[in-house]
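Here is a friendly walk through a two-chain model, written with the coordinates at your side. Please keep the viewer open and pick out each residue as it comes up.

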Amino acid sequence: MTTHKPAARGQAATAPPERGPGPVPVPLIVNDVPYTLDIEPRVSLLSALRDGCGLTGAKRGCDQGTCGACTVWVEERRVLSCLTLAIACEGRRVTTVEGLAQGGELHPMQEEFIAHDAFQCGYCTPGQLMSAVALVREGHAGAPGEEADPAEISEWMSGNLCRCAAYPHLTAAIAAAAKRM
Amino acid sequence: MRPVSYARATAPAEAVAAVAADPGGAYLAGGTTAVDLLRQNVLRHDRLVDIGDLPLAGIEETPAGGLRIGALTRMSDAAAHPLVRERFPLIAEALELGASPQLRAMATMGGNLLQRVRCAYYRDAVSPCNKREPGTGCSALGGINRGHAILGTSEHCIATHPSDLAVALTALDARVHTLRGAGERSFHIDDFLLPPGDTPHIENPLEHGELITAIEVPDTPTARTSRYLKIRDRASYEFALTAVAATLRLENGRISGVRLALGGVATTPWRARHAERLLLGAAAEPGVFDEAARAELAEARTTPMNAFKAELARRAVVRVLRTLAATPEGQA
Ligand SMILES: Cc1cc2nc3c(=O)[nH]c(=O)nc-3n(C[C@H](O)[C@H](O)[C@H](O)COP(=O)(O)OP(=O)(O)OC[C@H]3O[C@@H](n4cnc5c(N)ncnc54)[C@H](O)[C@@H]3O)c2cc1C
Ligand code: SF4
Ligand code: FES
Ligand code: FES
């Protein structure tokens, strides 16, 4: 069954300005640094970061949203840069693994990854780190002062695959870092 | 991925006008289906209208005591919302058991309902597939169909509807609100996601350029005792082989209210109305649950590869009802 209501009057029905399909200037702010790239609208944020900004931390694993190696933040959200269009990030803050260390100091999560041996080949690591810090911020590693639940950490890290299966070490590193964040 | 043009809309009517005017136009919300399938050449739009800035995110109570969930609300935000968790735990569970944290932080509630099937022949962009290229045949019928549907199938398509959210919404008689050039309208969820029949390429009644603006979930007091059970090949981050969304209310050991919908087994989210009829007023006992599940699955049409789903679904229904019957909140 459907119900009908008349269209609201006075709404603008003009089309928004169209850009592309050829290359267009796209301003991006990545790790607080402004870039302007000449790219087609179809270019993913992952390609723009790697090939346009020279930030090769985010990795291309599957290019179809299944592995998490390309995880970055757009504003506070952890997202897959392979399924995000760069042009859709205009006006939003992008943070990559290169933006995690501050003033030459590693982020506590990076230090705990090293201390707990949370990687082998390292290919998935940038994505793991970006997910891990976001996970703590989202409250899935226990409230401050509380012990983290390893099962909860695993579930909320399930979007990041690791072919070297460093999973137990990853969970331990995240639980340790959560206490210091 | 083929070239596309891009525009970011600032008002709903403007977005509708832009897509409606161009047969190659489509909306871009979270992009987790759209970008994926454009890159695989399964979708072939050449103009994307980004609706990410439209004021259609957020959750509010309706005067009738239900919830109105804006189409652009992210799956993660809807799942975390206190009103959703308190009144409709099955929606929060269905959301959090779907996809991955990153995908849920990108994907929107409206986009979720319009996600495409995960059938490998549909997604490979070359195999015969009636859904992608009408009239070319269905490769899954004689192919690998372990994950395919056993209910609501036709001789033209047997792909399973992939959304978890839609299963919970089906149990709750949700409505989908839309905007098109001619104005607003709304659909009952049962009339929104269509079985394949002779036209598997038509998945919903939307006109080209019609925009989903909100999902409305009516007040459902029994939903406070509800569950979404999802059974899949791995512990997390996987589509359902079988899922059950259920609410249950008992009075003096008898069932005074029940809602039941199945996921992972049908071409649409499957409201289990036969089972509901048998359960209502009956004693809350495992034998009754079992009989109701069997009745619902009696019309299942299986292949040698997916025959296991009928038994899996039967067990899942019984397990959910037993669990709900044992929770104290379900007793009046
Ligand atoms: C690896 C992977 C695993 C997944 N696992 C699950 C799972 O377990 N369970 C599950 O339920 N889902 C799962 N998904 C699917 C995911 O939930 C959907 O892709 C997502 O919800 C789509 O929302 P979106 O905002 O990203 O839509 P988009 O990709 O932006 O859009 C999808 C479609 O809807 C149209 N559209 C979007 N918004 C509107 C609107 N408001 N009005 C009209 N048209 C619109 C677009 O034009 C497009 O055709 C998975 C996806 C991936 C990639
Ligand atoms: S099951 Fe449906 S989607 Fe899959 S190949 Fe057949 S027609 Fe296409
Ligand atoms: S490269 Fe983005 S999820 Fe695999
Ligand atoms: S460390 Fe090698 S893939 Fe994770």
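## Salt bridges, sheets and a surface patch

With a relative accessibility of 14%, B:K131 counts as buried, since the cut-off for that class is under 20%. Please bear in mind that this is a predicted model. The side chain of B:K131 has a charged partner: it meets B:E203 in a salt bridge, 2.8 Å from N to O. This pair ties together distant parts of the chain, 72 residues apart. B:E203 sits in the loop between helix 10 (189–192) and strand 8 (211–217) of chain B, while B:K131 belongs to the loop between helix 8 (120–123) and helix 9 (165–171) of chain B.

Over all chains, the structure holds 38 salt bridges. Side chains of opposite charge can pair when their charged atoms come close. Three of these bridges are set side by side here.

| Salt bridge | N to O distance |
|---|---|
| B:E203 and B:K131 | 2.8 Å |
| B:D53 and A:R92 | 3.0 Å |
| B:E311 and B:R315 | 2.8 Å |

Where does the bridge of B:D53 and A:R92 lie? This pair crosses between chains. On one side, B:D53 is in the loop between strand 3 and strand 4 (59–61) of chain B. On the other, A:R92 is in the loop between strand 5 (77–80) and strand 6 (93–95) of chain A. B:D53 has a relative accessibility of 36% and counts as partly exposed. A:R92 is partly exposed as well, with a relative accessible area of 22%.

B:E311 is partly exposed at 32% relative accessibility, and B:R315 is exposed at 52%. Salt bridges with shared partners join B:D290, B:R294, B:E311, B:R314 and B:R315 into one network.

Strands of a sheet pair through backbone hydrogen bonds, either parallel or antiparallel. Strand 3 of chain B runs parallel to strand 1 (residues 5–8) of chain B, and 4 bridges join them. In this pairing, B:R8 stands opposite B:D50. Strand 2 (residues 25–28) of chain B also pairs with strand 3 of chain B in the parallel sense, again over 4 bridges, and here B:G25 stands opposite B:R47.

Strand 2 of chain B, helix 2 (residues 34–39) of chain B and strand 3 of chain B together make a right-handed β-α-β unit.

These elements fall within an annotated stretch: an unreviewed UniProt entry places the feature "domain: FAD-binding PCMH-type" at residues 1–222 of chain B. Over residues 1–222 of chain B, the chain is 27% helix and 17% strand, and the end C-alpha atoms are 47 Å apart.

Further along chain B there is an open sheet of 4 strands in the order 9-10-11-12, with antiparallel pairing. Strand 9 (226–231) and strand 12 (270–271) of chain B stand at the edges with a single partner strand each, so one side of each is left without a neighbour in the sheet. Strand 10 (residues 242–251) and strand 11 (residues 254–263) of chain B pair in the antiparallel sense over 9 bridges, and B:L248 stands opposite B:V258 in strand 11 of chain B.

Chain A has 5 helices and 6 strands, and from the N terminus on its elements run β-β-β-α-β-β-β-α-α-α-α.

Which residues form a nonpolar patch on the surface? A:L106, A:I114 and A:F119 do, with about 260 Å² of accessible area together. Of these, A:I114 lies in helix 2 (residues 108–115) of chain A. A:I114 is exposed because its relative accessible area is 52%, and the cut-off for exposed is over 50%.

Note on methods: Residues numbered from 1 in each chain as written. Chains lettered and ligands numbered in written order. Predicted model: local features only at pLDDT ≥ 70, side-chain atom pairs only at ≥ 80, totals over all residues. Heavy atoms only, no water. Patch = residues over 30% accessible without salt bridge, like charges linked within 9 Å, V, L, I, M, F, W, Y side chains within 5 Å. Areas by Shrake-Rupley, 256 points an atom, 1.4 Å probe, with all protein chains shown as cover. Salt bridge = Lys/Arg side-chain N within 4 Å of Asp/Glu carboxyl O. Helix = DSSP H or I, 4+ residues; strand = E, 2+ residues; numbered from the N terminus. Buried < 20%, exposed > 50% of the residue type's maximum accessible area, 1.4 Å probe, protein only. Pairing = 2+ DSSP bridges. Right-handed = clockwise from strand over helix to strand, strands pointing away. UniProt positions renumbered as here; feature names shortened; annotations may be inferred.
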